[in-house]
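Dear colleague,

I am handing over the structure below, and my notes on it follow. Please read them alongside the sequence and the model.

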Amino acid sequence: MILDQIIFSKKAQTKGFKEDKTSEKPLRSVLKALSWRVIGTVDTLIVSYLLTGELSVATSIASIDFLTKLVLYFFHERVWNKIKWGK
């Protein structure tokens, strides 16, 4: 109930639309992407190791996964930041 009020209540929103639409800076997107990719990469490393039994192969897979998904996530965030729907 309280969560619904925070998410959906106009009273809980303290920023105006103009300020809110520009609040997500590129650096924030990069840091969010990095933190999420660390979590995702550890998961990929573990799964890759369990499937292959080879730490070097698992590390290679996790490294490539980290870089490609970091870039994809950054651009995904930037595109969504430009979409006005739901703001």
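This is a predicted model: local features need pLDDT of at least 70, side-chain atom pairs count only at pLDDT 80 or more; totals for chains, interfaces and linings use all residues.

Residues are numbered from 1 along each chain as its sequence is written, and side-chain values use heavy atoms, with hydrogens and water left out.

The chain has four helices and zero strands (DSSP runs numbered from the N terminus, H or I of at least four residues for helices and E of at least two for strands), giving the pattern α-α-α-α along the sequence. Among contacts in the chain with a separation of 6 or more, 63% join residues 24 or more positions apart.

Glu77 belongs to helix 4, which covers residues 55–82. The 28 residues of this helix should span 40 Å at 1.5 Å a residue, and its end C-alpha atoms are 40 Å apart, which agrees; the expected span is 1.5 Å times one less than the number of residues.

With a relative accessible area of 14%, Glu77 is buried, a term that means under 20% relative accessible area with a 1.4 Å probe, counting protein chains only. Buried residues of helix 4 also include Ala58, Ala62, Asp65 and Leu70, and of the 87 residues of the chain, 17% count as buried.

How values were computed:
Buried means under 20% relative accessible area, exposed over 50%, partly exposed in between (1.4 Å probe, protein chains only). Contact means heavy atoms within 4.5 Å.
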